[in-house]
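Let's walk through the salt bridges of this model together. Please keep the 3D view open as you read.

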Amino acid sequence: MTVTYSSRVANASFFGFHRLLLRWRGSIYKLLYREFILFVVLYTIFSVIYRIVLLDHQKRLFEKLSLYFDKYAEQIPVTFVLGFYVTLVVNRWWNQFVNLPWPDRLMFLISSCVQGRDEHGRLLRRTLVRYVNLTSLLILRSVSTAVCKRFPTMEHVVEAGFMTPEERKLFEDIRSPHLKYWIPLVWFSNLASKARQEGRIQDNVDLQNLLNEMNLFRTSCATLFGYDWVGVPLVYTQVVTLAVYTFFFACLIGRQFLDPARGYPGHDLDLYVPVFTLLQFFFYSGWLKVAEQLINPFGEDDDDFEANWIIDRNLQVSLLAVDEMHMNLPRMAKDLYWNDCEARPPYTLAAADYCIPSFLGSTTDMGSRPSSSIQLKLADPMLILERSVQVVRHPNQAREPNLQTDFTLPPPRSHRTGSGNRPSSLLPKSHFCCFQPPNSLCGFSRTSSSLCCSPTQLGPKAFRWATLSNKHRPVHPRSRQSSLQFSRQFSQGSVRSLPSPKALGRWRGASPFQPRQPPGPPGLPGPSGDTLQLPDPDYNQDFEGTVADEDGPGGTDGSNEFGNQNNETQNADPKVNPSHRD
């Protein structure tokens, strides 16, 4: 009978398992007390012989033998062999429990698919479910000693009501040297097909579902038969048993307390009782006893499966489901929460502490945390521009970027106009120059775009050009100024990482505003006004900005103006080679 103690360990408490240590039924003490008493008696006999019976020269010989046994007994791999063996046995034990034959799914299908409340329909359903129970009885009778003692012959099976005398005659007339547990399932499938022809089963799909569930039930029975047929290899069991028993036989002599006056290493005390040797025997032998009990769970041990109870339960429940409960439905009524959109069952006072809110994800509370630099920038785009726009009057005035105020988020992917497909990254705005009047800070439009270049040469990137209309073009003095315009839509998910110092492109001797000439075949013109060719760094960059042209009302197109600026920069600094690469 299975020992159940789940309710005693439902809640963890201080020294919670101590209540289980004093139980006798199903305990390790009940399994091991005989072997433990035998080991203690034998150890005591050897100790008395050494201390009282032997002479001095015989004691010296016994002491050498004890040291020898103690030295080489540790070379027996008891833990390694026993651990693998017990793991194999426990997995095998649990798989057999999972494959126990339960007729519940079949009885549900029989009750719902086999129609007819008359005498014949009732007989049909009860016969089908009886064949299922007869199959489980035959397979459990062949693997369980307890069931075999209950049903030693087929006559006992007939007397128990699982089989009629006519069915027994047909069963015995079938000549087969193999186990014939499958015969009732053949009767089941034939009877189900006949019920389909008679219209008791109204659909071929229902018949197919019945046969599929019947095959799954047969698979469970065959699995139990296979575990009973092919067990753990006998060699493995013998090796484990010999390893454990040999080790403790060596401990009977090797773990004796020798005369402390002889000065042997590790024998400074004479305690008479080998406490830790007894504990080692208790644990290792108990481990072996666990495997011995679980290797066949269909026996008569305390923790073996209750096969007879399974047979009784399956027959009673299945007959009740297909007969008395067939189409016996309660009257439908409106439930308690008929007009309530949020059904909340009540809690008792004892269970009030278990009413908890729903879990919405570990990142739910991140948006409610107090201020961070990224949240301020996302909440106030104008604050981003005020902190990030850097006016550069000369290339040598470019300062080192401030990681707290000079980095902002790129526009969403849907508003990017660049031709590259690489993911976005953060760039210092103090190293971006875009030519537009200072008053363009107020023009926060996503429809206008212009050229923006990186003086640190982070990338090649192509941009589309568009000019602001003359109606909205502000008048400004002709001076080298730069500004940025970004989209109002920023995505917190686009924050990747800050650029490394190498990616910032700190080249010596080169102007930070010098564009690169794109490589191409000879004879073709240089870079177009709407394409920037910059070196490809170790990480992907994707940036996009908008800007107006520089010449104010007299200007024509932003691309030409930027091309002129590039020419002016090249003429002002002829030492810089536009095709130079770091």
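## Salt bridges in the predicted model

Asp 173 counts as partly exposed at 41% relative accessibility (buried means under 20% relative accessible area, exposed over 50%, partly exposed in between, with a 1.4 Å probe and protein chains only). Its salt-bridge partner is Lys 169, which counts as exposed at 53%. Helices here are DSSP runs of H or I with at least four residues, strands are E runs of at least two, and both are numbered from the N terminus.

A salt bridge puts a side-chain nitrogen of Lys or Arg within 4 Å of a carboxyl oxygen of Asp or Glu. The structure holds 19 of them, including these:

| Pair | N to O distance |
|---|---|
| Asp 104 and Arg 313 | 2.9 Å |
| Glu 167 and Arg 130 | 2.8 Å |
| Asp 173 and Lys 169 | 3.3 Å |

Glu 167 in helix α8 and Arg 130 in helix α5 are 37 residues apart in sequence, so their pair ties those parts together. Glu 167 is buried at 8% relative accessible area, and Arg 130 is buried at 15%. Shared partners also join Glu 35, Lys 289 and Glu 292 into one salt-bridge network.

For the whole protein chain, the secondary structure comes to 16 helices and two strands, and 39% of the 582 residues count as buried.

A note on the basis: this is a predicted model, where local features need pLDDT of at least 70, side-chain atom pairs count only at pLDDT 80 or more, and totals for chains, interfaces and linings use all residues. Residues are numbered from 1 along each chain as its sequence is written, and side-chain values use heavy atoms, leaving out hydrogens and water.
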